[in-house]
Amino acid sequence: MTDPKKLEQCLETIKDVRSVRSYLDKPIEKEVLRNIVDCARMAPTARNVQPWEFVVITDKDLLGKLSEYVPQGAFIKDAPAAIIVFCHKNTEYFLEDGSAATQNILVSARFHDLKSCWIAGYQGAYFEKDKVPMCEGIPCTPIPDLHKMQRLIRELFGMPRDLELISVVSLGYSDENPPADKRSVDEVMHWNRFEEK
Ligand SMILES: Cc1cc2nc3c(=O)[nH]c(=O)nc-3n(C[C@H](O)[C@H](O)[C@H](O)COP(=O)(O)O)c2cc1C
């Protein structure tokens with residue numbers, strides 16, 4: 001039987017995964033980082049191809065360089081660690097597979113009392129159409145020079161050309177607890193049919 005207290009703690013931890021972009025100057029233990037990657041590699045993948053490679057960065061110089069390459073990730077330079085998710089691009093669902101692994105990184109990091117931020121590394125074909133909105137009223141924000149950024153990061157870490165950058169996750173301990181700004185469960189949930197709430 002599931003211990004109700006444990007269950008509640010787990011669910012609260014999952015719900016407490018927020019994007020945090022400022023970190024304490026406190027290193028993350030190697031074993032913790034290894035455990036996070038261990039959780040990442042357990043994510044589901046189409047046909048179980050597991051097309052991923054994870055690069056864990058704790059070197060300050062590399063974190064600094066990485067932050068220069070990622071337009072919306074200047075804060076990476078002050079993080080004690082980052083994990084980059086790469087996937088082999090000659091697989092069918094590499095973006096979905098890499099995204100599932102990225103989410104496992106965020107969640108397992110939170111269980112280790114770490115805060116994190118998912119930083120975009122890839123944009124799908126939907127961005128090739130000009131000015132297509134992502135969602136009603138919210139315009140697309142294409143990453144400027146996406147291909148250059150991906151190439152620079154691949155080269156910085158000596159990654160083979162057939163590996164596609166999927167995401168960069170910054171990690172660190174932090175006192176920041178930003179509030180969740182989410183649509184309510186009642187708004188997003190439908191029973192059997194769209195109109196049934
Ligand atoms: C695919 C994806 C790309 C993202 N890219 C960035 C990014 O480049 N820079 C950044 O600061 N946050 C990025 N985020 C974090 C979002 O801004 C954040 O998840 C969103 O504002 C909701 O906040 P929350 O995660 O605290 O609930 C990204 C999140 C996702 C899922």
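This is a predicted model: local features need pLDDT of at least 70, side-chain atom pairs count only at pLDDT 80 or more; totals for chains, interfaces and linings use all residues.
Which exposed residues does the face of helix 2 turned away from its buried side carry?

The chain has six helices and four strands. Read from the N terminus, these elements follow the order α-α-β-α-β-α-β-α-β-α. The radius of gyration is 18 Å, close to the 16 Å that the globule rule gives for 197 residues, so the chain is as compact as a globular protein of that length. The C-alpha trace spans about 50 × 45 × 35 Å along its principal axes. Of the 197 residues, 28% are buried. Among contacts between residues at least 6 apart in sequence, 76% join residues at least 24 apart.

Helix 2 covers residues 30-40, and Leu33, Ile36 and Ala40 in this helix are buried. Seen down the helix axis, the buried residues fall within an arc of 55 degrees, so they line one face of helix 2. Their cover includes strand 1 (52-57), strand 2 (81-88) and helix 4 (94-111). On the face turned away from the buried side are the exposed residues Glu31, Arg34 and Asp38, which settles the opening question.

Glu29 sits in the loop between helix 1 (4-15) and helix 2. Glu29 is exposed, because it has 10 other C-beta atoms within 10 Å. From C-alpha to C-alpha, Glu29 and Ala81 are 10.0 Å apart in space, while 52 residues separate them in sequence.

The last stop is the ligand. The residues around the ligand include Arg18, Gln72, Trp118 and Pro178. The shell divides into six nonpolar, three polar and two charged residues.

Methods:
Residues are numbered from 1 along each chain as its sequence is written. A residue is near a molecule or strand if its C-beta atom, placed from the backbone, lies within 6 Å of it. Ala, Val, Leu, Ile, Met, Phe, Trp, Tyr, Cys and Pro count as nonpolar, Asp, Glu, Lys and Arg as charged, and the others, Gly among them, as polar. A residue is buried if 20 or more other C-beta atoms lie within 10 Å of its own, exposed if 12 or fewer, and partly exposed in between; C-beta atoms are placed from the backbone. Helices (H or I, at least four residues) and strands (E, at least two) are DSSP runs, numbered from the N terminus. The arc is that of the directions from the helix axis to the C-beta atoms. Two residues are in contact if their C-beta atoms, placed from the backbone, lie within 7 Å. The radius of gyration is taken over C-alpha atoms; the globule rule is 2.2 Å times the number of residues to the power 0.38.
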